[in-house]
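This report describes a model of a complex. The sequence and structure are shown first, and the description comes after.

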Amino acid sequence: MSFLEYNVKSTPTGFRKLLFLNWPLTLLLAAAAGVGFMMLYSVAGGSMSPWAEQQMERFALGMAVMLVVALIPIWFWRNLSGVAYLFGLALLVAVEFFGTVGMGAQRWIDLGFMQLQPSELMKIAVVMMLAAYYDWLPAKRISHPFFVLLPVLIVLLPTALIIKQPDLGTSLLLVVGSGGVMFLAGVHWGYFAAVIAAGVALILAVFQSRGTDWQLLNDYQYRRIDIFLDPSQEPLGAGYHITQSKIALGSGGWSGRGFMQGTQTRLNFLPEKHTDFIFTTLAEEFGFVGGVSLLIIYGLIVLFCIVTAVSTRDRFAQLVSFGVAITFFLFFAVNMSMVMGLAPVVGVPLPLVSYGGSAMLVLLAAFGLVQSANIHRPR
Amino acid sequence: MKRSDKELGLLHRRFGRRTLLVGGLQLGFMGLLAGRMRYLQVEQADQYRLLAEENRINDRLIAPERGELFDRNGEIIAQNTPSYRIIIVREDAGDVDDVLLNLSQLVHIDPAEMEKLKAELYRSPPFLPITVADQVSWDDISRVAVNAPSLPGITPEVGLARNYPQGADFAHVVGYVGPVSDFDLSKLEAPNPVLKIPRFQIGKVGLESKLEDQLRGQAGAKRVEVNAAGRVMRELDRQDGVKGTDLQLTVDARLQRYVQARLGGESAAAVIMDCDTGDLRAIASSPAFDPNLFVRGISVADYNRLTSNKYRPLANKTVQGTYPPGSTFKMVTALAALEAGVIGPEDTVWCPGHMQVGNRRFHCWKRGGHGHMDLKNSLKQSCDVYYYDVAMKVGINKITEMANRLGLGVRHDLPMSAVAQGLTPTTDWKQRVHDESWLIGDTANASIGQGFMLASPMQLAVMTARLATGRAVSPRLVKSQDGAEQTGGAGESLGLNPTNLRYIREAMYDTSNDRRGTAYGSRIIDDAFRMAGKTGTSQVRNITAAERAAGVTKNEDLPWERRDHALFVNFAPFDRPKFAVAVVVEHGGGGSKAAAPIARDITLQALYDGTPPLEAYPAKDRERIAAQQKELNQPPPGALRGSDRA
């Protein structure tokens with residue numbers, strides 16, 4: 001399993017690699033982060049501290065990490081996948097014992113200079129692991145039941161640990177993202193049909209079990225679902241987030257109330273305004289135009305990743321690039337759905353925009369993989 | 001692992017197909033998100049914009065200024081004065097302990113109070129203003145204002161608080177206000193939101209309470225922008241409230257102060273009424289209390305002191321106290337008999353000192369009897385037997401009917417608390433309430449204002465005014481509202497025979513001015529201002545046969561609460577009545593001794609509109625009167641007025 005196996009016709013070397021960096025993608029990432037800086041500046045009441053400045057520093061660090069990752073050949077990363085996966089798993093176990101409890105969940109390890117969320121790291125590690133796995137697996141075995149069960153275990157092991165934290169949002173994202181990678185790898189569609197059918201059955205079971213002895217979810221999770229279905233039930237209680245967030249969005253109108261003019265944000269009606277609900281500030285202050293612009297930026301980022309995936313013939317690079325695209329897509333799709341009242345409130349940040357170190361660093365490192373795939377694709 | 005080209009091609013084609021599918025799904029979902037955004041932000045924008053405004057904007061009430069009270073000459077009785085307090089906002093203060101330490105060097109704050117304050121501060125949300133000191137003097141406030149830089153988070157605040165500059169003298173006239181209590185709110189079905197304003201004051205007792213609706217005014221409102229925690233960020237709009245109605249009372253503050261002082265420490269009540277309009281010129285109940293004590297909530301010690309006092313300072317005896325009218329009722333009995341035609345003014349009755357009524361012997365106050373008595377002499381000397389005899393002839397129901405026409409046993413409409421109806425018994429009433437039939441002895445008792453008969457000092461004044469004018473004069477306390485004169489209480493003619501009324505008035509004149517009259521000692525010498533009156537001494541107990549035998553009936557020898565009530569009613573001047581007066585001194589002994597001098601002094605004060613000259617008093621009293629006037633701190637006798645008259 002050495003990279004010499006590859007039939008490399010010509011790949012850039014040294015600093016020439018920088019010319020082959022996917023510059024449009026890099027600029028789009030910077031644009032999305034720039035939107036984040038603006039919004040963090042705004043929600044702090046027109047101040048760089050406490051959020052915007054630190055976010056910029058993290059973005060700079062993240063960009064550096066991305067470049068480093070990009071300059072290292074993609075096959076090196078493929079060979080490192082197993083290590084990354086095991087390292088992530090170890091951190092998830094460590095967080096069980098040494099993690100910091102925040103917002104009712106155990107999610108962080110305090111590294112001194114930053115708070116590390118192993119679950120963020122794991123999203124990419126699992127994608128890498130799956131990509132490497134399918135890179136190794138011979139085509140005729142892909143849909144063999146045993147070789148389908150193996151990646152399922154690879155996914156479910158960290159998922160179980162993350163659910164235990166408890167972090168339902170991230171675990172769902174992990175499962176769906178991994179499912180996407182497996183689907184792209186060519187696993188027979190019948191498996192997916194079966195899983196979806198089982199999923200529907202499980203949802204029905206979850207609702208049926210409510211209030212019985214074998215209740216499947218916590219009460220607070222049921223309540224979140226109830227309130228998602230009808231936020232007006234409790235406008236000042238648990239439905240408050242969704243109601244206030246919809247008010248902020250709606251009052252933004254076509255072009256918004258202007259930078260720093262959002263009353264919902266300014267007057268603290270919005271919860272988590274600098275993290276999970278930051279999109280509401282954007283939508284309130286820049287309206288439909290602002291919201292759709294960000295959506296287009298995100299869409300283009302996903303598109304460039306997919307283009308990278310289809311333009312390389314390296315199977316690992318293909319699957320990792322697309323896996324990153326899917327993970328990134330799931331991030332913003334779930335966050336926006338939640339803010340717009342299309343999905344229950346699960347703690348998923350808006351990628352590159354929400355204040356948060358781990359997510360930013362891990363995401364940019366993941367885009368580094370995509371860049372690396374782009375630079376080192378066989379030409 | 002090396003893959004064959006065929007295998008690679010297969011995988012790549014499958015990847016391509018599935019890429020299209022997944023990419024399509026992603027695109028579709030992004031379309032859904034954009035559509036949802038369009039729905040919320042474009043189609044529903046107006047609705048959500050409105051909700052955002054409602055979130056942000058909060059309407060708050062501004063307490064209206066309470067209507068003020070003035071006397072008939074414009075002197076202030078109840079006003080709203082700025083009340084200063086010092087508040088602290090924890091989140092602005094930084095180091096709270098340090099700030100409070102600095103503050104305590106400028107303004108005295110009780111250490112125990114300080115501990116409570118700190119505990120409260122740390123319990124409350126940081127943005128909530130907490131009162132550090134209330135009713136702070138202007139000096140203290142200025143000192144705090146000057147030192148503001150070293151006192152972050154501390155603000156002096158000004159509000160309006162009710163204040164009664166006349167103090168105790170008007171306590172019973174206007175009552176008082178106090179902070180809204182939970183009890184007050186529980187009494188109302190839909191409490192006005194203004195009542196929930198912190199520190200809002202409402203009328204608790206008396207006129208302040210009865211005319212609450214006029215006095216309160218209308219709350220203003222201010223529109224403020226608040227954040228999610230309810231903290232005010234800025235004021236957007238303000239609409240000031242409407243001040244309550246200013247009321248001018250019929251009371252003359254100077255006269256009221258005099259009357260209150262003249263009653264002194266006695267447990268007594270005095271009412272002086274304008275015969276033409278029914279205006280209550282003074283309506284005093286003694287002892288009184290300082291209503292300002294109640295404005296901020298009275299201390300338990302003060303309150304206990306007031307309630308445990310046997311003279312009942314909290315009771316407004318002028319309208320709430322009811323007393324057997326005693327001999328002051330004799331005019332009613334006589335007039336009822338005259339109007340019924342059962343007696344003539346010249347008819348005489350023999351008074352041997354007692355009279356057998358039914359199986360009981362009724363006594364005259366004069367043991368030896370008065371001899372032959374006609375109307376004039378009987379009233380002048382207050383012979384009881386004459387009235388027993390007359391009452392037998394006219395019957396109780398006609399007497400009661402006359403009493404009601406003269407304003408007794410009727411609840412007069414006055415903006416005061418617990419205005420008493422008094423009691424004028426009839427045969428039906430006794431049957432209904434006591435389930436006993438009326439006895440002839442009851443009639444005898446009623447004829448001299450004893451037994452069941454009860455009247456308040458205010459009703460006695462009304463009776464006197466009606467006797468003096470022949471009109472249904474009714475009392476009036478509010479002269480004008482916001483400058484608009486209120487209808488007077490002059491009243492229609494009572495339809496009484498003027499000749500009969502004249503007999504009664506002349507008899508009352510003799511009571512005060514004939515050497516043998518019971519009130520001769522308290523006459524007015526000034527011929528222009530002669531007064532006509534009637535004494536009353538009402539028993540609060542039955543004199544037992546044993547007591548009578550032992551001869552221990554002297555009032556001074558009895559404990560205070562068993563002594564007789566002293567009463568006096570009068571009007572003056574006799575020929576053109578201007579004022580009607582009623583005085584009751586609880587357990588004061590004889591009416592001629594305890595009540596008549598007070599009534600005379602009050603009458604003179606009112607007639608002269610100031611301190612009367614000593615010449616108006618009987619010669620032998622002048623020295624004592626001069627001393628008394630000095631004591632009551634009145635200015636020296638009005639020399640100008642006196643010389644005018646001379």
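The sections below treat confidence, the contact between the chains, the cores, selected strands, and individual residues.

## Basis and confidence

This is a predicted model, in which local features need pLDDT of at least 70 and side-chain atom pairs count only at pLDDT 80 or more, while totals for chains, interfaces and linings use all residues. Residues are numbered from 1 along each chain as its sequence is written, and chains are lettered from A and ligands numbered from 1 in the order in which they are written.

The predictor assigns the complex an ipTM of 0.88 and a pTM of 0.62. For chain A the mean pLDDT is 83, and 87% of its residues reach 70 or more. Residues 1–6 of chain A fall below 50 and have six contacts beyond near neighbours in sequence. Where pLDDT is low, the predicted coordinates should not be read in detail.

## Contact between the chains

The contact between the chains takes 37 residues from chain B and 41 residues from chain A. On the side of chain B, helix H1 (5–43) and helix H2 (45–56) each supply at least two residues; helices (H or I, at least four residues) and strands (E, at least two) are DSSP runs, numbered from the N terminus. H1(B) gives the most, with 22 residues.

By class, this side of chain B has 19 nonpolar, 10 polar and eight charged residues. Here Ala, Val, Leu, Ile, Met, Phe, Trp, Tyr, Cys and Pro count as nonpolar, Asp, Glu, Lys and Arg as charged, and the others, Gly among them, as polar.

Chain B has 25 helices and 21 strands. Of its 646 residues, 41% are buried, that is, 20 or more other C-beta atoms lie within 10 Å of their own; a residue is exposed with 12 or fewer and partly exposed in between, with C-beta atoms placed from the backbone. Among contacts in chain B between residues at least 6 apart in sequence, 73% join residues at least 24 apart.

A nonpolar core is a set of buried Ala, Val, Leu, Ile, Met, Phe, Trp, Tyr and Cys residues joined through C-beta atoms within 7 Å. The largest has 119 residues, and those with the most contacts inside it include Ala270(B), Ile272(B) and Val583(B). A second, separate core of 111 residues includes Leu25(A), Leu28(A), Met129(A) and Phe277(A).

## Paired strands

Strands S11 (residues 268–274) and S12 of chain B run antiparallel and are joined by six bridges; two strands pair if DSSP finds at least two bridges between them. Met273(B) stands opposite Leu280(B). The two strands form a hairpin with five residues between them, and Gly278(B) in the turn has a positive phi of about 80°. In S12(B), residues 280–286, seven of seven residues are buried.

Strand S6 (residues 176–179) of chain B is joined to S7(B) by four bridges, again in an antiparallel arrangement, with Gly178(B) opposite Ile202(B). S7(B) is largely enclosed by the rest of the structure, because five of its five residues are buried.

## Backbone geometry and individual residues

The peptide bond from Ser286(B) to Pro287(B) is cis, with omega near -5°. Pro287(B) lies in the loop between S12 and helix H12 (292–295) of chain B. A cis bond also links Ala572(B) to Pro573(B), with omega near -10°, and Pro573(B) is in the loop between strands S20 (565–572) and S21 (579–585) of chain B.

Leu352(A) has a positive phi near 70° and is buried, because 30 other C-beta atoms lie within 10 Å. Asp609(B), with a positive phi of about 50°, counts as exposed because it has 12 C-beta neighbours inside 10 Å. Asp609(B) lies in the loop between H23 and helix H24 (622–631) of chain B. Within H23 (residues 591–608) of chain B is Lys593(B), which counts as partly exposed with 19 C-beta neighbours inside 10 Å.

Technical notes. Contact = placed C-beta atoms within 7 Å. pLDDT = per-residue confidence, 0-100.
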